[in-house]
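Trainee: I would like to go through this model with you, one question at a time. Please show it first.

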Amino acid sequence: MITTGAFVLGMLGGVPIGLCLCIAAIVFVFSSGNPILFQSYPLQMFNAVDSYGLIAIPLFILIGEIMNVGGITKRIVDMAMAFVGSLRGGLAYVNALANMFVASILGSATAQVAIMSQIMVPEMERKGYDKNFAAGLTAYGGMLGSIMPPSVMFVVYSVMAQLSVSDMLMAGIVPGLILTALFCGVIAVLGYIHKYPRSEPQTFRERVATVSCAVPTLSIPIVIIGSIFSGLASAAEAAAVGAVVAIAIGRFWTRQLSFSQIPDILMRAGLYSAIVLFLVVAAGGLSWSLVFG
């Protein structure tokens, strides 16, 4: 009870969640009357991230940074626009479908929302959509990043629960597709009720050109998911290959990525990875304290 109270008070006080977990673990150790746990606490925090499977996390975050800088995300959005942009509420459909495609590459809900909110929310506002609806749809679409492979959350859970990372990732495909279909169903109903605008219809030639420009970007999720599903590579190895493919596409196909940008990309990916892995460390220390306290 004291541990829960310390965690809740920390959250209400604006303390970062990682520090809240650490504080809760320390409070629990003190309240348990077993201070000898402090001797093993740092080691258990290290053991929480001492796993090969967690290598996939910084690699997937790196892919997201490469996609954002290399213009790959925008091409995915343009491809979705070519398919459903002319429907009533077309941009809302584009938001949902683009989130699904991006989720199959990034695997991080936080990174996905950060990227898609910069692209879709301003565009939907310009086209006459309510800002709250645009922001809410983008945030809900980010949920796909936690479900669709390669989900960082699934990787963390698999490592901590000692399950197969590959099997866990593959289990998210069907739920992710179902959730996307449900999003589209809700958009269809809301579009009919609120008379959402339609985008300018594209000619067949324009659609072919748009899709042709975006097709190479689909090789990223195909390589990642295909290599995991076929057993040719683990999740971490597939992420490494996906990062190489993303660099190649950004440099030689979209031509928006230069090699001089890679150090900055690596720096941002490292910072975001540190935040995620710190949460894993803090959660691992707290769970161990609760079990052995």
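Trainee: Which helices do the buried residues of H11 pack against?

Mentor: A word on the source: this is a predicted model, in which local features need pLDDT of at least 70, side-chain atom pairs count only at pLDDT 80 or more, and totals for chains, interfaces and linings use all residues. Residues are numbered from 1 along each chain as its sequence is written, and side-chain values use heavy atoms, with hydrogens and water left out. Helices are DSSP runs of H or I, at least four residues, numbered from the N terminus, and contact means heavy atoms within 4.5 Å. The buried residues of H11 pack against H6 and H8.

Trainee: Which residues of H11 are buried, and where do they lie around the helix?

Mentor: Buried means under 20% relative accessible area, exposed over 50% and partly exposed in between, with a 1.4 Å probe and protein chains only. In H11 the buried residues are Gly-176, Leu-179, Thr-180, Phe-183, Cys-184, Ile-187 and Gly-191. The arc is taken from the directions from the helix axis to the C-beta atoms. Because the buried residues fall within an arc of 145° seen down the axis of H11, they line one face of the helix.

Trainee: Which residues are exposed on the other side of H11?

Mentor: An α-helix has 3.6 residues a turn, so residues three or four places apart point the same way. On the other side of H11, the exposed residues are Val-174, Leu-182, Tyr-192 and Ile-193.

Trainee: How far apart are the end C-alpha atoms of H11?

Mentor: The expected span is 1.5 Å times one less than the number of residues. H11 covers residues 173-194, 22 residues, and should therefore span 32 Å; this agrees with its end C-alpha atoms, which are apart by 31 Å.

Trainee: Is Thr-138 buried or exposed?

Mentor: Thr-138 has its place in helix H8. Its contacts beyond four places in sequence include Asn-95, Asn-99 and Val-113. Because its relative accessibility is 1%, Thr-138 counts as buried.

Key. Helix = DSSP H or I, 4+ residues; strand = E, 2+ residues; numbered from the N terminus.
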